[in-house]
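Here is a friendly walk through one protein model, going from helix packing to domains and then to some backbone details. Have the structure open as you read.

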Amino acid sequence: MVPSKRSAVLVDGVVLNGPTTDAKAGEKFVEEACRLIMEQVVSKATDISEKVCEWRPPEQLKQLLDLELRDTGEPHHRLLELCQDVIRYSVKTNHPRFFNQLYAGLDYYSLVARFMTEALNPSVYTYEVSPVFLLVEEAVLKKMIEFIGWKEGDGIFNPGGSVSNMYAMNLARYKYCPDIKEKGLSGLPRLILFTSAECHYSMKKAASFLGIGTENVCFVETDGRGKMMPEELERQIWQARKEGAAPFLVCATSGTTVLGAFDPLDEIAEVCERHGLWLHVDASWGGSALMSRKHRRLLHGIHRADSVAWNPHKMLMAGIQCCALLVKDKSDLLKKCYSAKASYLFQQDKFYDVSYDTGDKSIQCSRRPDAFKFWMTWKALGTVGLEERVNRALALSRYLVEEIKKREGFRLLMEPEYANICFWYIPPSLREMEEGPEFWEKLNLVAPAIKERMMKKGSLMLGYQPHRGKVNFFRQVVISPQVSREDMDFLLDEIDLLGRDM
């Protein structure tokens, strides 16, 4: 039978009959774009002959890219050309010689998971719209909680470790003073928190955002290796109480951003227990050492924490972003603190078990299924494979340290205990100079100049920074399993090549 044509329906000048999207053309565009991604990104991910970056200054890049948004759409062949330009001029963070940040490399299983979630476009707040991904998140959180050493707990995946730290700070404050959720800040004593002088800058941002105030963040001095000193922590707690403030939180760090230092958690936990303070551990970077039986000792005592931030998108390469906040409490504290009971989402008379509608314990409404990326990688590699990934990264770090010690012109800041290798390159012109103010002033200029040269050449990317009285030095971080011993040798050779005439 031939279907009869229906008369067009016109509403407000818009014809409503049939879809307006050309599905076949759209599918063809997706196929061609995916082919481009495979050829230009995935297949070249481990090709060391490719550049890490195709550097262009901002004004020049604006001219090279067609950034203008027009009134009419553009044909698919032009969109594919734009995709090629985006790939060409973007930094190749999956390149074996990208060492610039605390993430790197390409995990193929996580990538497939990202493709799937982008295509499915879920939002993880209720079981009815995201049944699979809510169950995946529950399974992943349960396993991460086991590795921390808790028998039970709660948690949620967040858009970044900074947000996890903010969650923990707010949760600790809510536990200290539950009335704050309804009554706000008025009438509260001066709340004060303590964290390492080497902590992530998100602690200051969280204190500002939550109305605690950055002046009420006490930075506890660290030892020569960047570890918080427990005796100094206790002294500051007593001093704060003497001044009439109300301590409520201590934030320790497992894997500081620059030095890769791990605070002594057992001793800090003792202080917290004596003073009745919530202990949060920012293990965004170092938490993945828990997967390694050889290196989990770095986080000894983490089971005594009340909350932990852990980012699998870093050392475990789950893909940005993949960040969990884990909480020892099992009394629904997260939900009590953050719930708003939106009746259009979290109806209590649904036909299924509404305990799976976990979205009300998030400050977000729409939320990405980030746990799925980590789940897919874990399923593919197993716990043993993830452990090997951590062990190999730290073994490569140790190799690089020993090579630095052998080479003229290279000097370690300190022996690393994790994957952060901090060192200076001293060019020949400075090697015979007395190490006075002039020496350090000139050495301060070396790392930025070498960084400029390496980026314009595109040979590698490596971070540098000054830090607590130390002039600019390089920070090398090993993460990706695609990185080889030869890449470590190339790193040192290339720095010497780029800097020997300075």
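## Terms and model

Angles under 35 degrees count as roughly parallel, over 145 as roughly antiparallel, 65 to 115 as roughly perpendicular and the rest as oblique. Axes are lines fitted to C-alpha atoms, for helices over the stretch in contact, and angles run from 0 to 180 degrees between N-to-C directions. Helices (H or I, at least four residues) and strands (E, at least two) are DSSP runs, numbered from the N terminus.

This is a predicted model, in which local features need pLDDT of at least 70, side-chain atom pairs count only at pLDDT 80 or more, and totals for chains, interfaces and linings use all residues. Residues are numbered from 1 along each chain as its sequence is written, and side-chain values use heavy atoms, leaving out hydrogens and water.

## Helix 9 with helix 10

Let's start with helix 9 (residues 230-242) and helix 10 (residues 265-275), whose axes are 9 Å apart at an angle of about 20 degrees. The two helices are therefore roughly parallel to each other. In contact (heavy atoms within 4.5 Å), Pro 230, Leu 233, Glu 234, Ile 237, Trp 238 and Arg 241 of helix 9 meet Glu 267, Ile 268, Val 271, Arg 274 and His 275 of helix 10.

## Helix 6 with helix 8

Helix 6 (residues 161-176) and helix 8 (residues 202-209) cross at roughly 50 degrees, their axes coming within 9 Å. That makes helix 6 oblique to helix 8. On the helix 6 side, Ser 162, Asn 165, Met 166 and Met 169 take part, facing Ser 202, Met 203, Ala 206, Ala 207 and Phe 209 in helix 8.

## Two domains

The protein is divided into domain 1 (123-368) and domain 2 (381-500), with bounds that come from an automatic or database domain assignment. Their C-alpha centres lie 32 Å apart, and the contact takes 29 residues from domain 1 and 27 residues from domain 2.

About 2400 Å² is buried between the domains, with carbon and sulfur atoms giving 60%; buried area is the accessible area (1.4 Å probe) that two parts lose on being put together, summed over both. Arg 225, Val 258 and Met 315 supply 26% of what domain 1 buries against domain 2, more than any other three residues.

## Backbone details

Do look at the peptide bond from Ile 320 to Gln 321, which is cis, with omega near -5 degrees. Gln 321 sits in the loop between strand 9 (307-310) and strand 10 (323-327).

Lys 341 is not a glycine, yet has a positive phi of about 55 degrees. Lys 341 belongs to the loop between helix 11 (333-338) and helix 12 (371-406).
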